[in-house]
Each structure stands twice: as structure tokens, then as C-alpha cells.
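Colleague: I am new to this structure and would like to learn how to read its features one by one. Could we go through them together?

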Amino acid sequence: MDPNNRLSGNELRNSIPNQTAFSHFNTQHPQKWEDPSLIDYSTRIEPPFQGFNQVKISQDGLGNEMRSTYKIQDWDPSAMLNNLSFLEQKIHQLQELVHLIVGRRMQVLGRPDEFVTQQQQLLNADLTSIIVQLISTAGSLLPSVKSTLPAAPPSVGQFGQLGGAVFPLPGLNGGVQLQNTNGSKVPDQPNQSDISANCVTEQNLNIEEHDLKEEEDADEGENLPPGTYEILQPEKEEILAPHTHFCTICGKGFKRDANLRMHMRGHGDEYKTPAALAKPHKEPSSEPTLIKRYSCPYSGCKRNKDHKKFQPLKTILCVKNHYKRTHCDKSYTCSRCNTKRFSVIADLKTHEKHCGKDKWLCSCGTTFSRKDKLFGHITLFQGHTPAISVEESKALVGPSDQKEGNQGTNKAGSMNFNFPPNATSDSGIQSIMDVKGNTDDPAGIFSPLNFDNFGGFGEFPRPPFDDSESSFAFLLSGSYNYSQKNEADDNSNNLA
Amino acid sequence: MSSGSTKNILSFTEDLLIRVYEKLSSGSDRKSWRLVCREFLRVDLVTQNHLRVLRVEFLPGLLRKYTRLQSLDFSVCPRIDDGTVSMLLPRHGSGSESDSLSWGSWARGLKCLVLSRATGLGFFGLEALVHVCPLLEIVDVSYCCGFGDREAAALSHAAGLRVLKMDKCLNLSDVGLAKIAVRCGRLECLSLKWCMEITDLGIGLLCKKRVDLKSLDISYLKVRNESLHSIASMKKLEVLAMVGCPVVDDFGLQFLENGCPMLQGMDVSRCECVSSSGLISVIKGHSGLRELNASYSFPELCTTFLHCLKGLKHLELIRIDGSRISETSFSVISAHCKSLLEIGLSKCVGVNNMGIMQLVSGCVNLRILNLTCCHSITDAAISAIADSCRNLICLKLESCDMITEKSLYQLSSFCLLLEEIDLTDCHGVNDKGLKYLSSCSGLQCLKLGLCMNISDKGLFNIGSNCPKIHELDLYRCTGIGDESLAAISKGCKNLMKLNLSYCSGITDRGLEYVGHMHELSDLEMRGLEKVTGAGLAAVAAGCKRLSDLDLKHCDKVDDSSFWALACHAKNIRQINLSYCAISDMALCMVMANLTHLQDAKLVHLNNVSVEGFELALRACFVQIKKVKLFAPLSYLLSSEILENLHAKGCKIRWD
């Protein structure tokens, strides 16, 4: 964590905080809590918050307009009412949207997948914002609850907790504004340790499952108020550079400092001493080091410090991975499936470990590498079922393909012919009745090409994987085209 | 029939006729009813709601006529496959509309579908069937060994399913089970016996999704204790069968102590790792237990277990076959389990007269008592049973060779409700005993195998006094001759199962009497040395309902009778021709003409050439399900025919 090593010189625009204020905040001498303002904090409602916020803001060096929003203190019933009526409106809107989806689903049975997922995303976003607002509204009541508690000096941990709980407070004056202030962090940081955030966590698991993956390198566990940490922003070139450690003698680059030290041995005996080879120790500094957080150099990115909802990255490695994953081409392709692409080589390696084997799929399109994970998922979600994997169903559909089409199996195949292998009961029945007449080309009927028409067997992510409700509906409405398209037609001719 | 009486019966309104019709119980009575007149036939058509189909060729017609069908049974029909199913289904599109209207109607009201052993049926046929029957509640696909996840997925579309039997669907895995668990929201009974691929994950999911399940059978699955942990969470489970679960042990059963509050029936027989301590924990938690089967699970009935039994006031059935039991155990059971109706003590060590006497002194309501291989009991025990248990219906005394005609006298004097008695290998049974026994006029099932001391005289009494007998086992009763069969065929008109194997005294004349048993469906006549073709021909011509015939070692039966068999016995489903002197031609005739043959045992046919086998198999491959052949034939028969058989779902056993 040596800043000289990482933040090579001037590239980083640090917003250097007021050192004294910070240490004052962080050193946590017990007597600090004896400070009258802090004792006040636990007994009265408003002033401590004011104080708290002020401390923060002064460290932060944030604009004055922010401060003004923070300064609204009193629990305001009319604001609450506003808030609630806004929520009511919002929920009504949502209801309309769902109604619309239901109506639309009836009409467009043909291709429910894209439409529905799109709508689902919309819904999710709206729901999330409603939840955030609800929590902030509820959170505004918290201090009054706290005030009834006996006035004991809060421990450091408690302080942190309160900080989390209290943070949305400034949003009192309106739920919409809240989105723009720090309160908006609430839905994205599921591990907050206060009561209100706990319910957020649960909701998040359900609603924003896909988001979580992207946030995995985020500082989920912490809720650092802005300004309590130092922000470092490496340049793009630094991030993409293959090596970070360079030999001062020959200029060769290395990924790891240890490798560099090994290399240095070749440059002379002075580098072979145990001291030179030892891992450079961080000097135990008497003053506590500032917490460092990182910003992504890509402007407009949520991880960029200029972003309104900025979320810092924890380590330099996080920055590198984030930058590559989000803002670079995915140049590494999986050699097995030839479909999955990655920009971080470690991701590719992780994927390759699981690629191809043990694909456990849910009818919703989600894939799992392990069966128990799939079953856990199915247990959680209503109506989800495991999908029968492509290989298996193909194998079952075309047994005669596998057993080399000699005469005997041709005959055997003819017994399966009555239903084309598209799992549609209805279109299948059209081409039935003839048990013997269609032995000529079993391969044509069983060829995997047919699955393209069916849709869903080919790719995983599409919801109606094999037989979900929607896919059944799909078959009912548009299935006749199918049997007219391919050889199954011949069979129905035979019938007539 | 005079014209006056015709008027009378036709003047009945339809609902009255239906009421009369509903009183008819047996299939043959209903058949006679149908043949009376058009009106009667119409009543039959609108009333009959269950159909068990043997001949698929009549199915379309039947389905069109029987419009109120609720239950359809294909279990005896070998030819049900995708093609047949597709023929029966309503067709969309180009087909004539009026036709399709009448077609689909049968499926709309169907609630019960039995597809047991329908190995010819594939995924598409099953799926189509499920889709056209919207009200389906009960489905049986047991012993469809090829069925797996896709079939389960097809079945899961029947959202109203309540009862599902999937015994021995060998390819069924957790994935298929999950489909059913998620989609069939009303499922109450599920049987997964021998679905070996199922693991704890599947059972766990089932228990979470289908908390309302009332009955679950996980017999022979290799599930672990985790499964029982999940099962314990089911609040409404009443019956749990877990026969032969090799991995489950006492820790697993301990989960059940505080789970499944409604549990009434439990079967833990043949679980190797279960001991009485596990069972004790189950019993402790469920004082309302009614049925407990713990056969072959633990070697000895320990005292703590007996102590726990005291709590089971409502216990109706207990089976502890194969364990060691002491006299005191009997006194505990008899003192506390007063409502016991059935007790199974088959092959228990330590069962003696004193024990039985103590048992029956308390359990006076016993209906079914199984004392198979309890060698040390004598007439005294049987007297006590007869004296106390007046309601006894079924008594199994196989290999209790100390009992004599005195026991039978006691039984016939007091147990007048006796319906089934197994006296196999009881050497003490003689003609006198049978005479006593014949006063139990309600007797339906009588097993006298290996009773060497009985003769025509004894069986004459049975034949003349027990008209309700439908199963008679005379295996190796060497003392009997043709006269017995004469008496039985005269008196026991309801006889359906008859075993005459190795009754060396029987000749062609005896088989002619057998030919008069019109209800006979199962006939085992192995090793009848004196019987020739004429006898078999008489049987073939007379017993129209014959479905299962065993002719092993009937050396003198010649081709002419096989021709007769091929001509007349159209309903035969199983046949054993091993060691018969059948020729190529006759075998082909038999195999080709018996259009409902499903199971044939054809080993050691010395007069049949490889070509003969080839032709015979070719002739029957459409309907055959199981065939037993001489092992070297596997190399001699063409691969084509073997593949064809395999593709049809036929199993070949090489001997």
C-alpha cells in the first residue's frame, strides 16, 4: 500500500483532506467521546446530526449546497406526507405497468421473452426506487426512536451503525432528491448493518441479482461517508500496462514485485542479500494511514469520482479488473464454447474450469455450474423448474441417429416419427397416423436444424427453454408453421 | 323370454336401470348385461366410466362409444405406443372437423390413466396424452423402465395431478422430479420406488415445494439422512414407505421424531442400517401410528422397543418378519395394542405356542395373521387363534408342519369368515382336514402346495362346498388325480388361478375338466408327464380368459395342441414354453397368433432351430415386452431382430 509505488507521481488527482480533521475523527481516543457535542448526540436529536454532518463535510470539502441539504433537521410531517403520496403515485404507476404487461402477454404470445425481460428490468428499477424511498421515509423516524434510549456513550461500532442508519436523513425533504444524495447508496450496498438496510439487502437479492455480480469488486461491506478516505485515480495507461514493476537497470517489466526482486539478483551481488530479497516492509507509521479508495479514470462511469452516485473501488486490483471488464474489449474467447468472451484472463480461466461440463439450467435461463445451486435457486423462486439440457434431449429425440442407421434401426425409428421432435403436441399430431410410410429419411426429421425453428434449445438465456408456460403458449399459437416448414409436411401428405 | 316380461323390464326408467346395473360387480356380469338388448347396452355405455383395454384395435370404437369415461387402463395392453396414441387423439388442421369433434371427447373427462408397463410409449405420445386430458388426476406409469426426465416433464403439465406412480422409471432424476414437484400443485401421493437416480436434492426440493403431500414412497432409493430431514418438514404426510433404503440409518429416523405430525403409516422394512433405536424415536413422536412395517430391519426385538410399543394405542398393522421375538414381547403387544388387525411374524425366531396364545388373548380383532415358517407352533396355538380371533380373514401357515387336521377343525368351527389360508408345505394336512376346512364356505384362496397327504376325496369336499374359491394352489400334490379337477370345475365356477404343477396324477381327462373353468386366467401346469396334446387343446378351447400359461416340462404336449392354442387362446399375455417339444412351425404360429403375448419364456426348445426363433421373434416383435432365450442364441440371432426388440422396449433375458 505504498502510495509512491502505485500512484506514481502526479497522475492522481487526490482530493487531499484536512489531515488534522481526519485524524481527529479517526484516532478514536476514548476521551473524544466525552466531547460535549457527542454526548449531546446521544441525548438529543438534532444538533449531533448537524455536528456530524458538519464534520464530514468539512473533511470532505464538498460544496456548500450539499451542506445546505444536510442541514434540514426536523422531522417534518408534511414532508413525510409528500413522500408517501409520491410513493402512492409511484406504486399506482407500477400497477398500470404490470397491467399492461399482463395484457400484452395475452396478445403477443409469440415472442414473450425479450419483451418480458425488458419490462421486468423496468419494473425492477421502479421497485428499487420505491423501496429506497420507503426506507428513507421510515429511516427518518429512527432518531426519534433512538432518543428514547438511555444515554450511554456509543461505542465506535455503534457509531458506524448509526452513521449508516442516519445517512438517508437528509433526504427528508423529498424522496427524489434522495436519489441524488448519498442516500442513493442504500440499495447498492447490501451489507449495511443497520435495520433499514437489512430489508434492502433482501430485496436486492431478489430484484437486482444481476447487479450484484457487477458490484462484486465493490466495497460492499463498508459505508464510508465521502471524505473519510483518500481517492486515488490511476490513469488508463497505468491500468492497461502489462507490468507495474520495472527493473531500474535493464528496464524489464514485471507484474509482481517479488519477481522483480528475483530478477534483480542477476544484476549483482548487492541484490542477493537477504535484506534486498526480503519483502519491503511497510514502515510502521506512528500516524494512522489514510484509507485509500480508487476511482476509475473513465469519465461517466459510476466508479469515476465525478459521478453523482460515485462508488469507490477498494484496491488497485479492483480498478484494473473493473476497467478491463467494463471499458475494454472482451478479447479472450473461451476455446471450448467459443461464445463466452472475457477481458480479464482470470475470468476466462474461471469460466473454462466449468465450461461445458455440468451445465445446470433453470427454465428461467439461468445457468449453474452445480446441481445443488440450481436446486437452491428453484426452491427460492416460484414456478421455476430445471430445464432438461440440450444434449440430453437431443440424445433422446434422435436415438436412431446415434446407433448408425442400419435397416433395423430405421424401422425402430419409424415408431417415433409420429411426433416431430419439437415437443409440440399439437403440431405433431398433424403429421401422425402413419407408422410405416415415412421410413425414408429419419435423419431429416431428427436433425438438429429443426431446433432452430423451435427456438430456445439452441441458446440458454432465452426464458422458454423447453417447456415453460410461455413456451407452451407459443406452441399453441404459432406452431403450425413449423410442421409446414420441414419434412413433417411429407407425413401429412401421406395421411391424405 | 316372453313379450310381456320384455315390456316390463323396458318400462323401467333409465335411472332405475342404471341403479340395477351398478349392482353388477364382475366384468362378466356386465358383459352379459350388454348383450341383452340395445337399451341395456346404452345404459352400459353411459354408466361405465372405467375401461381396461386389452386389444388396441377396438380402442377407437370403444372410446367413441363410452362418452363418460373417467378411467382408462392400458396396463394389460402391450401395443400402446406413440402411433396408437396419435391415432386416438383429436387432430387439428386439415382433418375433417366433424371427425375430430367426436374424437377428442373421450379425453376431456378422463381423470385416471394407467400406463403401467407401457414400455412402447414414448415421450411424444405421453406428452400428447397429457395435453388432451385436462382433468387428469391419477397417473400410473410404473415399470415404464425407459421413462425419465422428459417424460416427467410431460407429466408435469397435468396440473391437477393428485396421485402419481413412477415406480421403476429408471431414468428419472432429480431434474424430472423437480418438474413434477414444481408444477403439480395438488399432488398428494407420489411413488418413486426404484427410481435409482433420485438423490437428496430431489427429495429436498419435493418436500419444500409439495408440503401437502400425504403419501410418499422412496423405497430402494439411495437417499441419505438429509432426505429424511427434509421429509420431516412435511406437515401433512401420512404414509411414508422407505423399504430397502440402504444408506438411511437411525440418525435419519430421529429427524422424524419431531416431524411429520400426521404420520400414520411407516414402512422401514429391509433398511440395513436401521436399528430399533431409530424406530423407537419414530414411535415416540407419533403415538397415532396405525401401520408399522419393520420386517427384516433388525435382528432382535429389544425391550425398549417393546416398551415404546405400549404407546401405540391405535396400531392396526405391525410386521416384524425375520426378527427374534420372545414370549414377553407377545404379552406386551397383546396388552397394549388392542386394535391390532394384522400382524406379520413371518420367519420370526422364537414364536411358539405360548407366545401366540398370549398374543391372541389380547388382540381379538386380528384379521390377518402371518405365521409363515414359524415351525414350532402346533395345534394348540391354532386352537387359541381360532377361539379368540373370530373375525380372522387370512391365515398364513406355510411350513408350519406340526399342525394337523385338529387345527383345521378348530378354524372351520370358529373362523367362519376365513377367506384365505395358506397351508403350503404343511404335511399334517389330510383329507379329513380339508373336509373340516370346506365348511368355511367363504374361502377364496386356498394354497395346498406340497401337501402330499391329500387326495381326490379331500378336494371333492372343497369343490362341493367352497364355490367362491378363485385361487387354488395344488403344486406337487402328488396324491390327487383327475377326480379332484372334476369336482373343482363343477363346484368352483369362479376359479381364476390354478396351479397344477408336478401333480403327476393328472391326465388329459383332468385337463378336459379344466377346460370347463371359464373364468380361469392363470394356469400353471409344469411337468405334467401324462398330459398330451389333447389335454392342452381342451384347455385352449375351453378357457377363453386364459392369460397366463406355464407349460414348462410338458414333454408330451405336441404340435397339434399348440396349433389349437394359437387358434383359441387369444387372450394369452404370458407363456412359458421352456423344455416343450414344440417345433419351428408351431412356435411361429403361437407367437404370431397370440397377438397379446407380452412375456414369453422360450429356453431349451430342442426342436426349434435358430431360423425358427428368428421367425417367431419377428412375428411377435410388435407386442412382446419380455422374452427369455437360451443364451447362445444371442450370437446366432440376427442383430436386426435384436435391435428391433430393443427399440420396442422389449427386455431379453439370456438364460
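This is a predicted model: local features need pLDDT of at least 70, side-chain atom pairs count only at pLDDT 80 or more; totals for chains, interfaces and linings use all residues.

Colleague: How many helices and strands does chain B have, and what percentage of its residues is buried?

Modeller: Chain B has 29 helices and 24 strands, and of its 655 residues, 54% are buried. Among the contacts in chain B with a separation of 6 or more, 73% are between residues 24 or more positions apart. The accessible surface of chain B is about 25,600 Å², and carbon and sulfur atoms account for 53% of that surface.

Colleague: How many disulfides are found over all chains?

Modeller: The idea is to look at the distance between cysteine sulfur atoms, with a cut-off of 2.5 Å for a disulfide. A search of the whole structure finds zero disulfides.

Colleague: How is a pair of aromatic rings described?

Modeller: One gives the distance of the centres and the angle of the planes. Over all chains, the search finds seven aromatic pairs. One of them, B:Trp33 with B:Phe40, is stacked, with 4.1 Å from centre to centre and 20° between the planes, and both residues are buried. B:Trp33 and B:Phe40 also form one aromatic cluster with B:Tyr21.

Colleague: Why is the pair of B:Tyr409 and B:Tyr436 called edge-to-face?

Modeller: Angles over 60 degrees count as edge-to-face, and the planes of B:Tyr409 and B:Tyr436 stand at 70°, with the ring centres 4.9 Å apart, so the pair is edge-to-face. This pair links distant parts of the chain, since B:Tyr409 is in helix 19 and B:Tyr436 in helix 20 of chain B, 27 residues apart. B:Tyr409 is partly exposed at 44% relative accessibility, and B:Tyr436 is partly exposed at 26%.

Colleague: Which residue lies over the face of B:Tyr143?

Modeller: B:Arg117 does, at 4.3 Å from the ring centre, while B:Lys168 lies over the face of B:Trp194, at 5.4 Å from the ring centre.

Colleague: Which residues of chain A does UniProt list for "domain: C2H2-type"?

Modeller: The unreviewed UniProt entry lists residues 245-272 of chain A; this span is 29% helix and 14% strand, and its end C-alpha atoms lie 18 Å apart.

Key:
Residues are numbered from 1 along each chain as its sequence is written. Chains are lettered from A and ligands numbered from 1 in the order in which they are written. Side-chain values use heavy atoms; hydrogens and water are left out. UniProt positions are given in the numbering used here, feature names are shortened, and annotations may be inferred rather than shown by experiment. Helices (H or I, at least four residues) and strands (E, at least two) are DSSP runs, numbered from the N terminus. Buried means under 20% relative accessible area, exposed over 50%, partly exposed in between (1.4 Å probe, protein chains only). Contact means heavy atoms within 4.5 Å. Accessible areas come from the Shrake-Rupley method with a 1.4 Å probe; for residues, only the protein chains shown count as cover. Rings of Phe, Tyr and Trp (its six-membered ring) pair if their centres lie within 6.5 Å; planes under 30 degrees apart count as stacked, over 60 as edge-to-face and the rest as tilted. A charge sits over a ring if NZ of Lys or CZ of Arg is within 6 Å of the ring centre and within 35 degrees of the ring normal.
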